[in-house]
Amino acid sequence: MDEREFCDRVLARLRHATRTEKAAVRAELEGHIEDRAEALTKAGYDHEAAMARAAEVMGNPEEIGGALDKQYPLGWLILSRVSLIFSILLAVSLVTSLHSVAELRDSVEARTNPAAGLRSGSVTGTYIYSVDLRADVGNDVLRVFQLGLTLRPDGQTGVASVALCNYDQNVFGAASQILIDNTTYETESGGELMPAGGSGGGGSGAQYWVADGIDVSRTDEYLAVCYDRFGETARLEVPLDWEGMLS
Amino acid sequence: MKKAKEQTIPTRKRKALRRTAVFLALLALGGLFSYGRAFPARAVRYTEETYNIGRTQVVKRLLPPKELKLGTALFYLTENEHALLVSAVRFYPLYGWVDAGGGFVDCAKDAPIHVGAWSVSRMGNENDKGVQYLFGRIDDPAVSSINVRVCWRDFNVEEEVYNTAFIVATAAEDWTQKDGKRYFVCQYDGDWKPFQDTYHSSMYYFSDALDAEGRVLYTQSHEETGIGSSALG
């Protein structure tokens, strides 16, 4: 029995070994046989006879194969392959879902630089200034970050434009898609007001809105952005900077 | 002496455990990016966040109607003190349970009943028939039944008149009790297409709360009715 026959008979008993595993076993067996053959060659055997003799003294190949077979249980192979397949599929789906990354970007942007995140619509007015007012509303944060003022020719009334956004308190969480839709606006002089119009948008990471054409008076010190739904209330009083506008 | 060829053979068990750990890590990463969840309740949580109604508890779980052919999907009626939510979740093999929107009613206002309407379809377009549900919470123990008038309004006329297309009735014996309140969710099959003109009308819901003698105790207006829809694709 030569080296090759010995290895073939051992590997024949490995029922569930993969091709790679069988190649590794063969390499290891051949290594052991070659080590023994080397010693025999030094003792005077010719190479072929040494290899054959070394293979014989390795033992019964069927018994060796049977013992090795226990090291390759089928269950672990199935788990390994199933995990690999699902991991590849899941990784591909995660990579191709760039919107998830975009949502995270939007969520971070709404926290750090909301003006940059406002991609559709913009605050209008002859005087535009930044503010930073926030309120926790349920799982979300409602944030007002910019205001625009225009004074009418009468010098006593004006129009305000306000930019707001909302995002989930958890940076990986989903921003409410309806919070901003349900905000209302109030002033001291006008009570609850309806904006003339608005624009905005966003995704699951953050929602933005610019409310335009809100009538305000020179005597108003603030414009209140309000929310009252599902037992959650919020009121952000945005200062109207008439002095800054006129200076 | 030639050394035996050394080759480290990782055990099959170690390899399997390592690959399983990688798969679980990817699953967790997907969950972190809100990309599907291991349990349907987590998908409902996402719907709660989308509507910002807060954490809710399950009142009833329903199987979707067979005509929608949705495979593995579930409908949930959930509630908290201030809101009632009906939502759909669907299972996808790689993603897990994914939310598909729903309908909600703001129950913060003190009223005997809070009723909502919810339509569910596969594709969400006009040609997709879908199924319709009404759902609600009954806070007044004197209410024995509810008649929901599904109305249409013709915008060709000046007056604000609502014409009843059909009535969906639900009674106390069909309601679910939970923590002293009563809830209902019912599928209805009303054909409003004869009354629906894309340019001139849409459906309006007015809900009459009736006592045991059939007297109207309260009417919820259309503006107070929560309207929602889900397209499960």
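Predicted model: local features only at pLDDT ≥ 70, side-chain atom pairs only at ≥ 80, totals over all residues.

Reader: Why is Asp106(B) said to form a salt bridge with Arg229(A)?

Author: The rule asks for a side-chain nitrogen of Lys or Arg within 4 Å of a carboxyl oxygen of Asp or Glu. The side chains of Arg229(A) and Asp106(B) have N and O at 3.7 Å, so the pair qualifies. The count between chain B and chain A is two salt bridges.

Reader: Which elements give two or more residues to the side of chain B that touches chain A?

Author: They are α1 (12–32), α2 (40–51) and β4 (96–106) of chain B. The most comes from α1(B), with 14 residues. By type, that side of chain B has 22 nonpolar, seven polar and nine charged residues.

Reader: What area do chain B and chain A bury between them?

Author: About 4000 Å², with 61% of it on carbon and sulfur atoms. In contacts, 38 residues of chain B meet 53 residues of chain A.

Reader: How do you know whether Phe145(A) and Tyr208(A) are buried or exposed?

Author: Buried means under 20% relative accessible area. Phe145(A) has 4%, so Phe145(A) is buried. Tyr208(A) has 6%, and therefore Tyr208(A) is buried too.

Reader: Which residues do ring pairs link with Phe230(A) into a cluster?

Author: Tyr51(B) and Phe104(B) are linked with Phe230(A) in that cluster. Over all chains, the search finds 13 aromatic pairs.

Reader: Why does Asp208(B) count as buried?

Author: Asp208(B), in strand β11 of chain B, has a relative accessibility of 10%, which is under the 20% limit, so the label applies.

Reader: What makes the link between the side chains of Asp208(B) and Arg149(B) a polar contact?

Author: The limit for a pair of N or O atoms is 3.5 Å, with one able to donate a hydrogen and the other to accept it. The two side chains make their polar contact at 2.8 Å, within that limit. Asp208(B) and Arg149(B) are 59 residues apart in sequence, while their C-alpha atoms are 7.8 Å apart in space.

How values were computed
Residues numbered from 1 in each chain as written. Chains lettered and ligands numbered in written order. Heavy atoms only, no water. Contact = heavy atoms within 4.5 Å. Buried area = accessible area lost by both parts, 1.4 Å probe. Helix = DSSP H or I, 4+ residues; strand = E, 2+ residues; numbered from the N terminus. Nonpolar A, V, L, I, M, F, W, Y, C, P; charged D, E, K, R; others polar. Phe/Tyr/Trp six-rings, centres within 6.5 Å; stacked < 30°, edge-to-face > 60°. Buried < 20%, exposed > 50% of the residue type's maximum accessible area, 1.4 Å probe, protein only.
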